[in-house]
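Biologist: Hey, can we go through this protein together? I'd like to start with one residue and then zoom out.

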Amino acid sequence: MKIKTILIICLISTPFLSQSQEIKATFSKEVITKLELNYILQLPDSQKDKFPLLVFLHGSGERDSDLESVKNHSPFTYQNLIKKPLALLAPHCPKGIQWDTTALYKLIIDISSKYNIDKSRIYLTGLSMGGWGTWKLAEEHPELFAAIAPVCGPVDDYMLEDAVKLKDLPIRIYHGALDDLVSPTYAITMHQELKKVNANAQIFIFSNDNHNSWDSTYSDPKFYEWILAQHK
């Protein structure tokens with residue numbers, strides 16, 4: 001009796017299984033994303049001739065502050081060392097997130113279109129979290145920049161793998177030997193990867209600096225001489 005009962009159940013269940021459906025289709029939906037970044041842009045006195053643009057990305061400590069904080073620890077502090085016309089662009093990263101490189105890219109394109117920017121001389125630098133943003137944005141859009149200068153920035157495995165994308169870009173990497181927040185190992189490892197493909201990648205390790213290697217970097221007149229000498 002038990003065997004007969006099981007057979008009956010199977011026979012009753014079979015028609016229901018045959019009612020399953022296979023659907024083949026395409027999903028398509030337009031998604032509109034709003035990108036928004038506050039920024040400070042300082043233009044040279046004379047804007048008649050084309051002028052280069054230096055983009056500066058601040059660190060995590062300035063995310064929660066007002067817009068003026070983007071000037072902290074930056075080339076804005078050492079403008080007396082910049083001897084040629086130069087525009088300075090400092091975006092402000094919103095609270096609680098890291099740099100959105102899509103928004104940064106769109107901002108730079110917009111600024112370089114609105115003003116008399118020499119598109120063959122767009123430079124990128126940033127410190128700490130901004131150093132990370134410098135690596136990320138440069139690897140995503142190496143064609144946009146004439147040179148980059150990350151300062152005390154961490155890197156991840158994806159950045160190391162994509163170092164080959166920066167093979168044609170003049171690069172200077174800055175870091176403090178005593179940095180106990182972002183280890184100089186990041187800079188050294190990235191430089192080792194770059195050396196395989198890029199003879200124009202240099203590294204500068206400040207023997208007495210902790211995480212504040214941005215002071216030694218941006219207070220050096222040779223930094224601005226080097227970066228302004230680079231052209232695409």
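Biologist: So, is T217 buried or exposed, and why?
Modeller: Keep in mind that this is a predicted model. T217 counts as buried because its relative accessibility is 1%, and the cut-off for buried is under 20%.

Biologist: Okay, and where does T217 sit?
Modeller: T217 is part of helix α6, which covers residues 213-218.

Biologist: Which residues does T217 touch?
Modeller: Leaving out residues up to four places away in sequence, T217 touches V151, Y174, F206 and F223.

Biologist: Let's zoom out. How many helices and strands are there?
Modeller: The protein has seven helices and seven strands. Along the sequence, their order is α-β-β-β-α-β-α-β-α-β-α-β-α-α.

Biologist: What about the overall dimensions?
Modeller: The C-alpha trace spans about 100 × 40 × 35 Å along the principal axes. The radius of gyration is 26 Å, while a compact globule of 232 residues would have one near 17 Å.

Biologist: And how much of the protein is buried?
Modeller: Buried residues are 44% of the 232 residues. As for the surface, the protein exposes about 13400 Å², with 53% of that supplied by carbon and sulfur atoms.

Biologist: What share of the contacts comes from residues 24 or more positions apart?
Modeller: Among contacts with a separation of 6 or more, such pairs account for 74%.

Biologist: Last topic: how many charged side chains, positive and negative?
Modeller: There are 24 positive and 27 negative ones, and the centres of the two sets are 7 Å apart.

Technical notes: Residues are numbered from 1 along each chain as its sequence is written. This is a predicted model: local features need pLDDT of at least 70, side-chain atom pairs count only at pLDDT 80 or more; totals for chains, interfaces and linings use all residues. Side-chain values use heavy atoms; hydrogens and water are left out. Helices (H or I, at least four residues) and strands (E, at least two) are DSSP runs, numbered from the N terminus. The radius of gyration is taken over C-alpha atoms; the globule rule is 2.2 Å times the number of residues to the power 0.38. Buried means under 20% relative accessible area, exposed over 50%, partly exposed in between (1.4 Å probe, protein chains only). Contact means heavy atoms within 4.5 Å. Accessible areas come from the Shrake-Rupley method with a 1.4 Å probe; for residues, only the protein chains shown count as cover. Lys and Arg count as positive and Asp and Glu as negative; His and the chain ends are not counted. The place of a charge is taken as NZ of Lys, CZ of Arg, CG of Asp or CD of Glu.
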